[in-house]
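Reader: I am new to reading structures. Could you take me through some of the terms, one at a time?

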Amino acid sequence: MARFVVVYHRLPFEEVVVKGEKVLREPKSPNGIIPTLKGFFRHFDDGLWLAWNKVPEEKLGTLSERRRVASSPSMQVQCVGLTDPLINSFYHRTSKAALWPILHSFTERFDYDAANWDEFRQVNRLFAEASCQVADTGATIWIHDYNLWLVPGYIRSQRPDVKIAFFHHTPFPASDMFGILPWRKEILESLLACDRIGFHAPRYAENFASCARSFIKPAVSRARTIAAPRLQQRDTILQESVYTSALSMMERTVYLDVAPIGVDDKAIAKVAAASTTMRQSGVIRQSLGVEKVILSIGRIDYTKGTREMLQAYEQLLETRQDLLGHVKLCVTSVAPASGIRAYDDVREEIERRVGAINGRFSTASWTPILFFTSPIRFQDLIAWYLAADICWITPLRDGLNLVAKEYVAAKNGQPGVLVLSEFTGAAIELDEALRTHPYSARSMLDAISRAVAMPEHDARSQMQALGQRVKTANLASWTNEMIDALRSR
């Protein structure tokens, strides 16, 4: 039995077959959530990570053998078995085609007919049953992200002894947007079964509280908390100076935490300072052969603003012909998991735009865009950060965006320019970044033009100021904040 259980749909390791035997190894290109959560297990002697694995029909809902990983001795991992059709329904269709668009305020992308809510309930119930089975008396169960929204309610009905926490890594929409979901009341009732719910931005916490008050009438009392000074940056779309920090319902109080995740700045700086990384960065610069390198890191998703960024870049080349042959945009837009058809049109348009821009402006010795869809290993990514003069981050809506913080940490005070969408959660902290409005072609063009023209001493000053923010609110401070919250009642 475990005293601390993290529930997340993905394993923190890759399962590979070596000499006929399945083994777990560190992922080559981990996403932001996984390395962050893995750090928590250093604080718990008997922690368990619960995810899914793919099984045949006869093993649906079964728990796999509990396993340890040599690289993380304080962590055990275990999986609840899901069939391939159930994964496809729960994750690829209901989560990505119905829930994801509403979370990011894209009503035109909402596909009610793609959702199978009964199967979504089934998966959440299986995760809840597995959580109850592995959790010790009085344990803490920490659930992550929107596709497990119903897990808290199922757990509470079975295990009133445990502490239940939830963290949203996505935006949380306003009540008029969230109300589009036909299952809104069921979702909110489940989340209000938690002891604590975490968000990246004050606006997201306030949006959740507003939804609770709008759709769950018993949620009557409230406490107001002033946001931390670092979350009160100037003219920030997602900023709320005061937000609802507690809701009471049926003699229970649910606490709302606002805590944007930080990055492991020391680990990133260490990799960046390594001689192999610096040599690799030099090779990248030499191979690109231009004075200004612009880097965009993301994935194929209509929320990421890649199409809008490409349009602005094309306008930059049109209006600044002196840059032709002297600037290159390097775009990594990682392909989504197979089976998610909601992104097919996005992939096609991005590839078409890249081809059109390269076809229009390329010369025998220069192409304006380097585009690739494969994930980049963490060590290689740090080398790319070092090589880039500009990091261009343009989501139309984003829960946080750790790439912005990783770029700043990798630069470690060396010159660089961060161009950041106003609609990223990270924008509420990174005040010195060049802000851009991704829905405005003029704003996008103005921001990238200013970035390209920024003198080196100003670029150094920007990175030094941003670096101090990233170091102050780093992964260690976020971990300590969450540990204190999880251990309190």
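Author: Start with a definition. A salt bridge is a side-chain nitrogen of Lys or Arg within 4 Å of a carboxyl oxygen of Asp or Glu. This is a predicted model, where local features need pLDDT of at least 70, side-chain atom pairs count only at pLDDT 80 or more, and totals for chains, interfaces and linings use all residues. Residues are numbered from 1 along each chain as its sequence is written, and side-chain values use heavy atoms, with hydrogens and water left out.

Reader: What makes the pair Glu 349 and Arg 307 a salt bridge?

Author: The N to O distance is 3.1 Å. The limit is 4 Å. So the pair counts as a salt bridge. Glu 349 sits in helix 11 (residues 344–361) and Arg 307 in helix 10, 42 residues apart. Helices here are DSSP runs (H or I, at least four residues), numbered from the N terminus.

Reader: Why is Arg 307 called buried?

Author: Its relative accessibility is 16%. Buried means under 20% relative accessible area, exposed over 50%, partly exposed in between (1.4 Å probe, protein chains only). So Arg 307 is buried. Glu 349 has 22%, so Glu 349 is partly exposed.

Reader: Which salt bridge does Glu 349 form with Arg 353, and where do the two lie?

Author: Their side chains meet at 3.2 Å, N to O. Both lie in helix 11, four residues apart, about one turn of the helix. Salt bridges that share partners join Arg 307, Glu 349, Arg 352 and Arg 353 into one network.

Reader: How many salt bridges does a search of the whole structure find?

Author: The search finds 25. Among them is Asp 161 with Arg 159, whose closest N and O atoms are 2.8 Å apart. Asp 161 is at 27%, so Asp 161 counts as partly exposed. Arg 159 is at 13%, so Arg 159 counts as buried.

Reader: Why is helix 10 called oblique to helix 14?

Author: Helix 10 (residues 306–319) and helix 14 (residues 441–453) pack at about 60 degrees, with their axes 9 Å apart. Angles under 35 degrees count as roughly parallel, over 145 as roughly antiparallel, 65 to 115 as roughly perpendicular and the rest as oblique. The angle falls in the rest, so helix 10 is oblique to helix 14.

Reader: Which kinds of residue make up the contact of helix 10 with helix 14?

Author: The contact (heavy atoms within 4.5 Å) includes Met 309 and Leu 316 of helix 10 and Ile 448 of helix 14. Its residues divide into eight nonpolar, four polar and one charged. Ala, Val, Leu, Ile, Met, Phe, Trp, Tyr, Cys and Pro count as nonpolar, Asp, Glu, Lys and Arg as charged, and the others, Gly among them, as polar.

Terms used: Axes fitted to C-alpha atoms, helices over the stretch in contact; angles between N-to-C directions.
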